[in-house]
Each structure stands twice: as structure tokens, then as C-alpha cells.
Amino acid sequence: MAERDQERLEVANTVRTEIGIENVLSARQARSFVRCLQTAWEVPLIQWGTNESLLELADARRLLHVAEIYREVEGQESAGAIECYRRAGELLEWLSRANDRTTTTAPVELFAAAAYQLGGLPAMASGVIGEVEMLDDGTRLYGAFLRADFDGVLEGVAAFWARHPDLTDDAAPRRLLDAGSEGGMSWYFTVELVRVLGLFADTLRRGQTERLDRAMRKLDAMEQMATRTFSEDSSLLITLLRAVANGYMQASIHRPIVELSALNPGRRQRLSRFARGQFSRGRGILWTSQRAGLDRLLKETSFALCTPTGSGKTLVANLALVKELLLPTGLETSPLALYLVPSRALAGEVEAKLKSELGEDLTITGLYGGTDWGITDYWLQAETPTVLIATVEKAEALMRYVGPLLLARLRLLIIDEAHQVVAVDDARTKADLAEHGNRAIRLESFVSRLLARAPDIVRIALTAVAGGAAPPVAKWIENREDAVAIGTRYRSTRQLIGVLETTPRASDRVSLEILNGRRLFVRDRDQPVYLPLRTPVMPYLPNQWQQSLFRFNELSVLWTALHLLETERRILISVLQEPEQTMRWYRKALELDEWSGIPPFRVPDGRLGDIFQEARDATIDYCGEDSHELALLDRGIATNHGQMPQRLRRLMVELIDKRICPITVATATLTEGVNLPFDIIFLTSLRRESFDVVNDTREITPLSVSEFRNLAGRAGRPGASSGLEGMTLVAVPQANSSQRASARSTQDRQRRQMQRDYDNLLLKVVREERQDGAVQSPLALLLDAIAQRAASIGVRQSNFLDWLDRITPAAISPNAGVAATTPAARLADSLDELDGFLLTALEELELADGQELDGAAAEAFLVSLWQRTFTKVAAAQEQWMEDAFIRRGRAIVETIYPDAEERKRLYQYGFTPYVGRRFAAVADDIETILSDATDYGDSSDEARLQVLKDIGQLIEDDRGFGFRVRQTQTDQRLLENWNDVLAWWMRSAGAVAPGADSLRAWQRFVSDNLEFRLGTVIGAVVAQGWSSAADDDAEVPALEDWRETTGLPWFAFWARELLRWGTLDPFVAFCLAQGLAKTREQAANRRAEFDAWLSTEGYVDDAESKIDPQLFLKWEGSLPAGFEDFFDELPDSAILVGTDGRKRRYPVIPVDTEGGVDWLDPAGFRLARTETDDFDLVTHVQKDDFELFVGDRDVTVSRVFTARQ
Amino acid sequence: MAGLVTENYEFVGGHEWSVPIFLFRYHADVEKYLFDLARDAERERAVFGRLGSDFIGLKLDDRGAVVRLIVGEAKWRGELSDAEVETLMLGKWKTNKRNGQRTRRGGIWAEINRDIDVPHGVRQLQRLLRERDRDGHAAAIVSMDKALVLRNPVPIARTNLIMIVGNGKAKRGEGEALLTWETIPEEYTSPHDLQVVEVILKDGEDLIDEIYDLLWKV
């Protein structure tokens, strides 16, 4: 009746407004939360009475009731219901974690978990269950069910049947009913509940809808019975169980998979197995955002998906790949997907995950190494569908090499972390743009061009929940004004922000101020929440050290972190700059006598120990025995920063991910790059300082809000029991560390400043949380910068467009293209950056069409390109921007770079055109050096090194395409002596290694200049060589043609890889790239194997053969494959016991009994038995699926699904 | 039986009661099977809180809203001796381990006196009403919502019911009551109306068995 429903809703709204609004806590609720935290941290508790617990419990019940009202009246998706379930879950969770004595009939955790599941927070549900040790079998069973651990449910169920074999014949239920004894009904109900949960779990996993429906209906009936017969709380539990089960049924991944299969029934089994595999990984129940994403996928539209960190986007991406690559039939060419990632680190992670899930069906290639296409180039010719994982830089290179080929096969574009296309509007970004180092604009450029040229491909953008970027990204990707991102802004865990108050001679105290973006108050006054830590007081540091407040602060953080490791916590100490200094301080501190009481780090056993060892070896290899990194690693502290060699960085990430090292010291590159959540993140400073030597100014860059939020977003690990909330704490000293009077005013000032930095940041965090600001596009920022700078040198607004028609960078400033910082130079370089954007777009078009562009054609194309830029959909841009864009583009073709041949060359080089012109001068010389290196395979180390030195020499002085360092003394000296750095990096004999303190500066030089700039320059020359010689642009570059086409020897092919891995021997680079060795030394030791193979096979032993990649690949193929088949795939024979077998096939679960295995229907009825002492019941066998087959002559049981180890 | 009696006899206050749905209730300690997944677990399970009234009935007004509740305890005893009744009403003797003192704990009086305003079981009753006829019972459902969740709801008036069923003691006289009935028993301290029903049977077990058999016939 509609009228009454309205009244019911009003009642519901009253309650929800009173106690259920998201992120608004009443005073008592806040205190309950604080109490829970205090218990978790083992610090003294706030005042709290039993009565208050009862009131909280009562409130939780009210919320649950009200949620039901919402659901009944508004439907299952009711937002009001979700809000109430969440709050109920929270209230119950807090009572549970505070070890509250007030209990209900059933453990509070079960109710909390159920509430969280119904509120769409499965990670919290899982965490809550994980928090408590469940002593009763029943509680454990329901707990497993409520955290969607279906494997666990079946384990519990099987154990039950093993204990009660008398209940497994099909007359058992009747017997129980007839028994009529005291409590007989209750026992009957219990047994039936076990049956139904077992059946539900099994059929849900397998995707057997018909039987699942029956299980659901039985559960419905049982709920009705429970309401009549059990007490309030027990019946409530059953009601909740039923609702959660229903939710699981609706959200099972099997549903969309079945729909997807309709596109290609031949693939149905494979897809079904995929879905089953997801259950095996604990991902079989979809989140709302995933369901929405899959829904869109099935409707064949492009979309943007917004999910919190570490959650469901991988699945959506995977299914998009399945849909666009695996399912289509009748395609002309084998389909291709491009998966864009923001960093090499993330590329590695994505590649590994994809390979493990879809490696059998797709060719998955990561392109993020040194060479511009993978050494294993088979993907280009592959008949199998292919996924290319690439950073934007690599994707650009790909387009230059094989653009037409790529576009012909491309069907799907996935952009990960798509919000990175948003530019931060500040001076630093503008400088980056001028220095051609801004990633956002590269992303905008690449994607816009792709969208303009291949408008029909499916496009998916994946973003984290990053303020305000989602709507414009959605519009951009869908090319629709009214597009809306799919997803949720709900975090999967709670997030707290606060201060770690460090104090000399006292224990630290944590003060928590923000909960999920809002201020947290305990009483209605402005009083933050305190957690006075019980960690031991840090010993007094050596006097010298105490003089630096900053040093004291950092060491306090380390000291506290080391004492917070009892639980499974993962801690990150985030350093904004100069990590080497922090590492050095930490190392020295750990060597102090006073610190020797800290429990030493223990290397774990088994596989984890192996991983640790591998990382340790790599650390020695790349950092040296004496390095800080090694010293800290031996104390269980992992380190990570942007200049670390790739390989080492990845190993460190693994150490962190598997919690082999509980503490990490890292810069922002760690958190930007990979999905690594932490429980606590400490920040020791909120500002970056640098000194501009040229202008003699000190620059202070405060940490931006978005960077802070990205960082804070990594706090909190969904699903982990200690990760129910993530904390980001900024360390602020509360007293001076120095005792000297002379230092007092300085340290006072510093303390005030740190406090102010924090207060300012917090204000912005809270403010930004509430509104979505407009976003800035990088191209708009660039155009704006150009316009502003032009105005400042006297170009009037009315003349601006005309000015653009004819001005060249050289005419603006003699210092163009060398990263100079004068205003004129900046203008010239910004203009050059714009020219790069335009030239690339125009050249791609020219090459595709095969005919020379004229001004009119250029203009027409640019008009359409502009429509596809991010700029078009981001915050309001003005018409003049589009005009400027088009005018300049036309000018490039007609006036600035009118020679089509030159344009083509400049495009191939990959630099911005003005820089590229200068480069042309040295390009030929470099080419000469490369083509002369035919003896490289036979040369000595010294000679090999010389080749690279010669090339480096050609570019060492050019600040545009050549080496570039910061203005510090150290870096300048490095530049002068770069040969030494090269020798060290390439492991040349007798090379001098840097000391521990200089290591990072050397690493930075290697990363920025040797790997990147030198590598780029070589790559540009090689690319030019290839494309000028290749006749057909749609031709597939094959290894066998490589030398002939480019006219260069193998050295040129390897040069970039050599620089990337740090070796003079291509074979070593190959081994490392292919994972055939873990360190350079190991790889070098395998050389002999290859040489032996070479002579055995009878290949010519000349210089070129020794480094021929084709031979390397052949050799690799000749190595024995090294895996064992652990599973005995032969079926086990069985005897029928409880059935006549007429249905022929029965899903079964194994139950371990004396002398054999009983095979039971998941509802607990014994069907067959295998007598054996030999059955290898590996623990957790319930992760797999078994089936009983009744043939004409025999009866067997086979394992039909195996969970991955 | 409580339901039958309530609907068909006149109780204190002269209200007209309806018991739209009968709730069955089992003993507290057998619910623990659900959590132990065993019938004879050795460990003592602490069960806190009231398990719920044995019985709830409603009085509805013309519009169907709930205006009064009758809430009760129904107990069966094989033999209703004086001692048995005393234990029933006042609770069992328990020895305090620390000081050796013996006191009575539990019992129906204690339960009924300290009950919360809205008794447990109302939620379940409401649920069953929704199941049976959501539109027909709409008014009752809403009024129960209000009683259950609003912070300061208009309190629903209430009658407490005690029903004792069992075989009479050997020496029972005709019309002899087990509990005082001319005045309010002094052990009863709750402000609500009280109704006591005593059903004295002979060979009561047979009757009960017959009823249960009828119910479970398939």
C-alpha cells in the first residue's frame, strides 16, 4: 500500500538522519570508534560504560531494521539501505574490536560482517571476520560464508560430515524430524543449515544456476522457519545470512560471463573456467561498480570506470580483453588491444597479472624496456590475439615504427590511471612542459590522435577516485557530452589522517583529525582524538644529531615504526626528497648501541626467503656491498626511489608486497607506480626545497593536495584484518631536539613552520573533499603558458595569432632548446613543445595517407583532432585556444617546417622539432659510429665501452637532446666525469664505484642520461634508419630482416638494452630480460653455455653471431622446460553408495574418512566411496572441484577444476 | 496454547486480542547447536540477554494499528508441586562462590520485571505479518516500525502474561490456584497489567504429543 510505505519511509529517514548519515558520527559513536582504535593500539582507554555498549547495540539493531524498511519499499539498491547497513556494520565492528563484553547470542562480528556485505563493503566484512578467532565450528562456518570464502565454507561443511557420517544418507533428515527429542527441532534445523550452505557454496562457485536457485529457495524457507522458532538474535542472523546469500547470487560473476558467452558459444567452456577461476581467487562476487562496467561492456560502449585503489578494475579490463580479442569470429586480422600504463613499474605488475589469468589464450607483451619493440617480436606476426602493455612513450615509439599495422589490428584501448591526463596548474608543471618532460600532455596527445584516427575502437578508461577527474575523463573517452563515469566513490577501507607528535625524551603520541575526509571530533568540541603510544622512549641521540630538528624527527619516526610491528602491519615512511640522506641517517642510527635492543630482522624460510635472497643479490649487484640500501635491507627495511634500476625496484616491491620487509622507506614513485597498500604511512615533511643556482633563489614547493591524497589513498589494505583503517600520519616535533640556547630560535621557527604546513594542508584536504573542482588539461595549460609568456615579451593579444603564424623558437631566444630558464627561453621551448604535438599528429596523418599535406588539409585534420582532445571536455576553455592550435598547426606545414622530408625525419627522431633539427646535425655521426661497430661481438670490454663513449661525446654538451643535470655541484661534477659513471654502470673492469652517499646521484645520472637520453638518441637514429629504408609502412619488421633494412650491425639493435641493464654484453642483457638469470653476474656465467651451444650447433663463430638475437632465442628454446606436473590427472575409481547413478554426472565434495574418501553431494549426502590409503588429500582440497562420473562399466571421480597454487 | 487461551478467554482489561501468527519457541540452550554444530559440546556457552518472550499477541484499533501488546512467558512443568512452582517463579538456588551465600537467581518474576519496553520478538512478529499480508496489516506494521526504531516513540501499552501449564499436583484441591490472584503478587514490580493463566491438566504429556504429531504430519 503506497500510503503506508510513505509513512514507513519517513520513520526510516528519521532514524537514518539521526544516526546513520555517512561520515557524520554522533558523540557516542565517535567515542566508540576511538575506544576501538585504542584497544587495537593497546593504549589506555577512554571512559566507557556498559550502558553505552547496550545503547550502541540497540542503535545497530535499529539501523538494521530501518535498512530492511528501505529495501522493502525502495528495492534492493536503495541508497538509504546501504547507508544504514554500513553504519550498523561500523557500530558493531567497533564494539567487536574493543573486545566489548556485551554480546548477543551470536558473536557480534557475524552481524557486523553481514551488515557490511549488505552495505556493499565486502572488504570490511572480510576484515572484521579476520579480526577475531572463532572458536565454534558454527561461527566459523558462518564467518566464512559472510566473507565470501566459499572454499572455507566447504572445508567446514566437509569437516562436519566427516564427524557425522550417520547423517549422510538420504533418510537422515526424516529421522531427525521423527526423533522428536528435546531440542530435536533445533538440531534438525542446524543440520539442514549446513546442508544448504554447502550446496550454496558449491553451486555458486561452479555456476550451476538451477541448483543454486533451489538452494536459495530452501534458504528462504529456513529463514521463515527461523523467524518463528528462534530467538531474536538467532533469527536475525539467519535473516541476514539469507539476504547476503541472495546478494551473492545476484552478483556472481557467472551471470555476466554467461551473457558474454552468447557472443561465441564455442568459447563457453573457457569462459566458464575463467569465472570459476575468479572464485578461486576470491573475486567471484562482483562489486556494484564492476557489474556496471560489465553491463556497459556487453552493450558495446566505451566507458570510464572509477574504483577505489586495489579493487575491481582488473577484472573489468580482463573481460574487456576477452570480449574484444577472444570472442569475435570472422575477423580479417588477428585482433590487438593496447593497454596504456603510466609507468614501467606498473607495466610489470599488469603484465604479470594478465599472464596469470589469460596467458593461455592471449599473447601478452610488455613493451617498456629499452628496445622499441620487444626482442620477441612474434606478437607482430602472431595469429593469436595480442595485448600490448606499454607506457605512453613506448606506445609513441610503436606508432612511429608500425603505426598503420597497429591501427589495422587495434580493437581495444585501455587506459590505466587515466586521471593522470589531468595537469596540475602550477609553475613546476609549466616548467616540465617547456622541458618536454610532462607525461600528462603526452598522454593527451597520444590518445587524442588515436581517437581521431580510429574512432570506432572500444575505449575504456580506468581511474582511481581522484577528485573531479572522473567526469571529464568519461566525456573524453566516450566522446559524449553527457557521459558519466561508472563507479563508486566509496573507499573500501577507512582512512584516517593525523599527526605523529614526536617529542624528545618521551613516547610519541598520535593525534587523529580526519576520518574519511571529515574532521573527527570526540565531544562536540574541537578536541581531536589521541592515541598516546606505549612504545619505549627513543634513546637520546648523539649531540651532533640532535642539532638537526629534521633529523631528530625522521629518526623518531623510524624508532616508532620499529616498535609497531607486533601485528601484521605494513609501514611506509614516505620521503619527499633526498632519500639517500634519510637512508644514511637510518643506517647510522641502527648501528648505535642504544638501538641494539630492537628485535633483529629474521629472514623468512622457504620461498619467501628465496625472494629475499634474490633481492639482496640484486642490491649488491646494483648498489654495492657498502650501500645504505643493503644495510637497511639486512635490517628488514626495504627502500625504493625513482632512480633505482628497474630490476631492483621490482624486487623491492615484491619484498613489500609479501611483507617480507615490514617497513619501507620510499619516495613518491613507489606509491604512484604500483598498487601497494600500507597500514600506516608516515610523512616527515610536507615541502620540497631546492636551490636554483642560476637565479640564486631558494624554491619551496609544498606538497600538493592531490599528491597527498594519492599517497593517503594507499593507506588501508582491503581485506586484511589489520587493515580496516589506513592511517596517514605527518610527523611534527612538539619540542626542540637541541638543548643549545643558540639553536632555540631556529628550531622554534622550524617547528612552527612544520605545524603550519600541516594545518594548511589539512584545510585544503577537507575543503577539496567536499567539492569537485574544475580540472585542467595539459594542452590548455601549455597554450595558456605560451599566451602569457608571449604577452610578457610584448606580443599584444590582438596580434597573437598572427605572431603564431610565423615565429620560430630560434627567433624568440638564442637559448631555445637547451632547457634554459629565462622567460624568453621558456617561451621558445613551450612553443616547441606545442610544435611537437602538432607535428607528430600531422606527420602521422601524412604517412598514413601517403601524400603530402597542404595547409588546408592540415587545418581540416586539426579541427577534427581538437574535438578529440581532453582539453575540449575539461574545464571551460576559450575559443582562442582552438584557433591558436589550428593556426600554429597550419603554419608548421606551410611556413615553419615546410619541407616534407624534413618533417618526416623530425617525426621519426621523436624529439620536439626545434631540438630535432639540431639533432639532425649529429645524427649522421652517430649513425656512422653504429654502423662501424661490426666487431662488437669480438671486442674487448674497453673497446666496447669506447663505442658508447664516442656516441656520448657527441651529445654531452647539448642541453636539448643531450645530457642534462641539475645545477648542484655534485651533479655538475658528475657531468664532467660521466665516463666514470658509464664505466661503473656497464661493469667495466677496473671501474670506480661510488660511495654509499653518492650512489643515488650516480644512479640518477644513469637513469636520466645514460638509459634515457643516450638511449633515446640511439633509438632515434635506429628508427630513422629503419623507416627510411623500409619500403612498405605496413610491413612487419622481422628480426631476420633487421640488419638488412637498417643497414646497421647487431650492436645497434642491442645498444639500448645494454644501457638499460647495465652491461656491455648483449647476452647478459638478453638473459636478464628473459628471466634466465637473476643478476648480471649470473647471466655472465651462463655465457659459456651459449658459446658451447653455438659451436655444437655448428654456427659460424664470428663477431656478429656472438650477439645475434635470433641465435639467443634459439638457444633459449633449446633449454629444458622446468616444470613438474603436480597433479595426478588420472581419475580415481569409486563405488556407488548412496545413489543408483542414473544421472550419470554428479558434482561431489571429498570427505576424508578412515580408510578412504567419501564422495558427498555438496548438500551432505553420500554418493560414492573410494577405498584407499593413498589419496593425497592436500590441505585445502576444497579449493578444487570434483565430479563423479557413472559410466556403463565403471564409476570414477575426477578433479575437474584445479585452483592455481 | 497460550495463543488459543488469549484469543478465547477474557483477560484483565477486557481487551480484544488477536494473535495473527503463532510463534513457536524452543529452549534457549538448544539454540547453541547452531553455533557449536554439535549436540553435545562440552564447553559451556554463555548466552547473554533475553532470548525473547515465549508469546506475543496484539490488540489493534479500527485502522489496524497496534495499540496494545500482550507479552508472555509460557512454561510447562510435568508436575506442578509447590516447590516446582516456587522455583519456576523465583529461580534456582545458586551459591556464590566467593562468599558461599545462597541466593535465588532467575525465575519468571525477574524476567518479567526487567523486560525492556519493546519486548524481543516484536520484530519477528512484524516480519511474519509482512509475510502473511503486507497490505492488510499495513497499519500494524508501521506502528511496530515506530515502536521498534524511533528514539522516543509513543510507548505501546502492554499486558504481561504468565501462563503455567502442567499436571496438577497430587493433592490439589478444586479451583486451587498456584499463584496469588486476588491482589497483585508482591514479587511483581512491573507497571504493566498482569494476567496469569494456569492450565492444570491430567496426563498433559499425551495431549502435547498429540498436538505436535498433528503439526508435523506430512
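Predicted model: local features only at pLDDT ≥ 70, side-chain atom pairs only at ≥ 80, totals over all residues.

Reader: How many Å separate the C-alpha atoms of A:Leu632 and A:Leu500?

Author: A:Leu632 and A:Leu500 are 132 residues apart along the chain. The separation of their C-alpha atoms is 23 Å.

Reader: Does A:Arg1000 count as buried or exposed, and at what relative accessibility?

Author: A:Arg1000 belongs to helix α44 of chain A, residues 999–1029. Buried means under 20% relative accessible area. A:Arg1000 therefore counts as buried, with a relative accessibility of 9%.

Reader: With which side chain does the side chain of A:Arg1000 make a polar contact?

Author: Apart from residues up to four places away in sequence, A:Arg1000 touches A:Glu578, A:Pro579, A:Glu580, A:His641 and A:Gln643. A polar contact of 3.2 Å links the side chain of A:Arg1000 to that of A:Gln643.

Reader: Why is helix α22 of chain A described as largely enclosed by the rest of the structure?

Author: Helix α22 runs over residues 470–478. Its buried residues are A:Ala470, A:Pro472, A:Val473, A:Ala474, A:Trp476, A:Ile477 and A:Glu478. The helix is largely enclosed because the buried residues number seven of the nine.

Reader: Which elements do the buried residues of α22(A) pack against?

Author: The packing partners include both helices and strands of chain A. The strands are β1 (303–306), β5 (410–415) and β6 (458–463). The helices are α15 (288–298), α21 (439–453) and α37 (870–873).

Reader: Where does A:Asn516 lie, and what is its phi?

Author: A:Asn516 is in the loop between β9 (509–515) and β10 (518–519) of chain A. The residue is buried, with a relative accessible area of 14%. A:Asn516 is not a glycine either, and its phi is positive, at about 50°.

Reader: Which backbone nitrogen does the side chain of A:Thr1063 reach?

Author: A:Thr1063 lies in the loop between α46 (1050–1061) and α47 (1066–1074) of chain A, and counts as buried at 6% relative accessibility. Among the residues that A:Thr1063 touches are A:Trp985, A:Met986 and A:Val1068. At 3.1 Å, the side chain of A:Thr1063 reaches the backbone nitrogen of A:Asp1065.

Reader: How many Å separate the C-alpha atoms of A:Thr808 and A:Thr895?

Author: A:Thr808 is found in the loop between α33 (800–806) and α34 (809–812) of chain A, and counts as partly exposed at 27% relative accessibility. A:Thr895 is 87 residues apart from A:Thr808 along the chain. Their C-alpha atoms are separated by 9.6 Å.

Reader: What is the radius of gyration of chain A, against that of a compact globule?

Author: Chain A holds 51 helices and 25 strands, and its C-alpha trace spans about 100 × 85 × 65 Å along the principal axes. A compact globule of 1205 residues would have a radius of gyration near 33 Å. Chain A agrees with this, at 32 Å.

Reader: What share of the residues of chain A count as buried?

Author: The accessible surface of chain A is about 47,200 Å², and carbon and sulfur atoms make up 46% of it. Of the contacts with a separation of 6 or more, 71% join residues 24 or more positions apart. Of the 1205 residues, the share that count as buried is 60%.

Definitions and conventions: Residues numbered from 1 in each chain as written. Chains lettered and ligands numbered in written order. Heavy atoms only, no water. Helix = DSSP H or I, 4+ residues; strand = E, 2+ residues; numbered from the N terminus. Buried < 20%, exposed > 50% of the residue type's maximum accessible area, 1.4 Å probe, protein only. Polar contact = N/O pair within 3.5 Å; in protein donor to acceptor, adjacent residues only side chain to side chain. Contact = heavy atoms within 4.5 Å. Rg over C-alpha atoms; globule rule 2.2 N^0.38 Å. Areas by Shrake-Rupley, 256 points an atom, 1.4 Å probe, with all protein chains shown as cover.
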